[in-house]
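Student: Before we look at any single contact, I would like each label to be set against its cut-off. Could we go through the model in that way?

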Amino acid sequence: MKPGQVECKNIVLAYGATQVLKGITLTVKPGEFFALLGPSGSGKSTLLRLIAGFNFAQSGQLTVDGSDITQTPPWQRNIGMVFQNYALWPHMTVERNVAFGLEERKTSRAEIAMRVKDVLALVGLTDFAQRRPNQLSGGQQQRVALARTLAIEPKVLLLDEPLSNLDAKLRVQMRQELKSLQRRLGITTIFVTHDQEEALTTCDRIAVMDQGVIQQIGTPMELYDSPVNRFVANFVGTINFIEGDVEHTPTGSTFLSDLLGKIALPAITPDRATTRAALALRPHTINIIAEPSSPTGASRGSINVPGNILEREFLGEFVRYRINANGTELIVDQLHQVGSEIHATGTNVILEIPPKALRLIW
Ligand code: ADP
């Protein structure tokens, strides 16, 4: 039964006059750990619930392994969902909670006993089978919810913000457990989160959503290194935008900004109706090299601009500076090592910007 390829084709869903999903098209490959990432209200849960069968599209098509399930009720879909609040039965033991879905499906008693034992072992809860949910930690409750869903052997596993009820440390531990479990089972998994770090660290690919529209689909590295628009650039990681104008000339394109002056762009720069654009630049790619009186790094091919430190935050691994560079505010992260220099607020510095770190965003 392995595969489990999920395809959404132009899915539109509205509540009354408000369109919440505005033509969603995506393919989740068999065995993939796939995230729906976006801010609150972007439509992630609505899409997940639609895949589960708890709400239905006005138009478009949903298929699993090529079978159209657009109109199929949830109990006939063979898709398992773990809810944000776990939805465990408080009066039942762990074992009964896990068996419940199987009993509903009229599975034989022997088969139920075997599967419950297997999934509890899988999530490391064998010794907790006789406890009730209120005798378990948050992380353990989450594992029961997962075990209960896995017991029905779904083709596709849906997780709605499964880690959001856990404290920060446990969240990190559970996301690693989740990933290794997903890898062992090879089950197609769709994970909803608003936490970019969670999506980047656990998932094979991510669909970034905003206002009911998929903005970009890619691997964590693709989204981080090559965001297609300002929304993705801003939502996945921290970024600076240097505003300016693209100019096309017979010999190639240039970018003209107050901060950087005129710089050449790659020849493939598309010709667009508007010329207004920005160069996006990650904070850690900028280097604070020195005070203006010191020798500069211009020989290394970087663009050097003067700046003044407005604010600094010590974050342990790095220091985050807010810098005024000729009227443009930039965030600059500098790796911190024992004994390394920390620039004081008000200091004048030179910023070294490597041209290859600049990415044109319209
Ligand atoms: P997310 O999961 O990204 O936070 P949701 O899918 O929960 O977003 O919601 C998307 C939008 O749909 C929100 O504006 C929300 O208010 C609206 N919405 C969600 N459920 C309903 C509903 N049952 N009736 C009306 N509007 C809804």
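Tutor: Let us begin with burial: a residue is buried under 20% relative accessible area, exposed over 50% and partly exposed in between, with a 1.4 Å probe and protein chains only. The model is a predicted one, in which local features need pLDDT of at least 70 and side-chain atom pairs count only at pLDDT 80 or more, whereas totals for chains, interfaces and linings use all residues. Residues are numbered from 1 along each chain as its sequence is written, and side-chain values use heavy atoms, with hydrogens and water left out.

Student: What makes F235 count as buried, and how is F231 classed?

Tutor: F235 has a relative accessibility of 19%, which is under the limit, and therefore it counts as buried. F231, with a relative accessible area of 22%, is partly exposed.

Student: How many aromatic pairs does the structure hold, and why is the one formed by F54 and F83 called tilted?

Tutor: There are four aromatic pairs in the structure. For F54 and F83, the ring centres are 6.0 Å apart and the planes lie at 35 degrees, so the pair is tilted; the rule is that rings of Phe, Tyr and Trp (its six-membered ring) pair if their centres lie within 6.5 Å, with planes under 30 degrees apart counted as stacked, over 60 as edge-to-face and the rest as tilted. This pair links distant parts of the chain, since F54 is in the loop between α1 (44-52) and β4 (59-64) and F83 in the loop between β6 (79-82) and α2 (94-104), 29 residues apart; helices (H or I, at least four residues) and strands (E, at least two) are DSSP runs, numbered from the N terminus.

Student: How do you know that the charged end of R282 sits over the ring of Y224?

Tutor: The charged end of R282 is 3.9 Å from the centre of that ring, and a charge sits over a ring if NZ of Lys or CZ of Arg is within 6 Å of the ring centre and within 35 degrees of the ring normal. R230 likewise lies over the face of F241, at 5.2 Å from the ring centre.

Student: Which residues have the most contacts inside the largest nonpolar core?

Tutor: They are V98, L120, L146, F191 and I206, in a core of 43 residues; a nonpolar core is a set of buried Ala, Val, Leu, Ile, Met, Phe, Trp, Tyr and Cys residues joined through side-chain atoms within 4.5 Å. Among the elements that each supply at least two residues of this core are α2, α3 (109-122), α4 (138-151) and α8, and α4 gives the most, with six residues. A second, separate core of 29 residues includes I24, L47, I69 and V156.

Student: What does V98 touch, and what covers the buried residues of α2?

Tutor: Not counting residues up to four places away in sequence, V98 touches V116, V119, L120, V144, A147, R148 and A151, where contact means heavy atoms within 4.5 Å. The buried residues of α2 are V94, N97, V98, A99, G101 and L102, and their cover includes α3 and α4.

Student: Why is T193 called buried, and which residues does T193 touch?

Tutor: T193, in strand β8 (residues 188-193), has a relative accessible area of 0% and is therefore buried. Beyond the residues up to four places away in sequence, T193 touches L36, L37, G38, K44, E161, E198 and A199.

Student: How far from an oxygen atom of the ligand is the polar side-chain atom of K44?

Tutor: That K44 atom lies 2.9 Å from an oxygen atom of the ligand. A backbone N or O atom of G41 lies 2.7 Å from a ligand oxygen atom, and a polar backbone atom of G43 is 3.0 Å from one.

How values were computed:
Polar contact = N/O pair within 3.5 Å; in protein donor to acceptor, adjacent residues only side chain to side chain.
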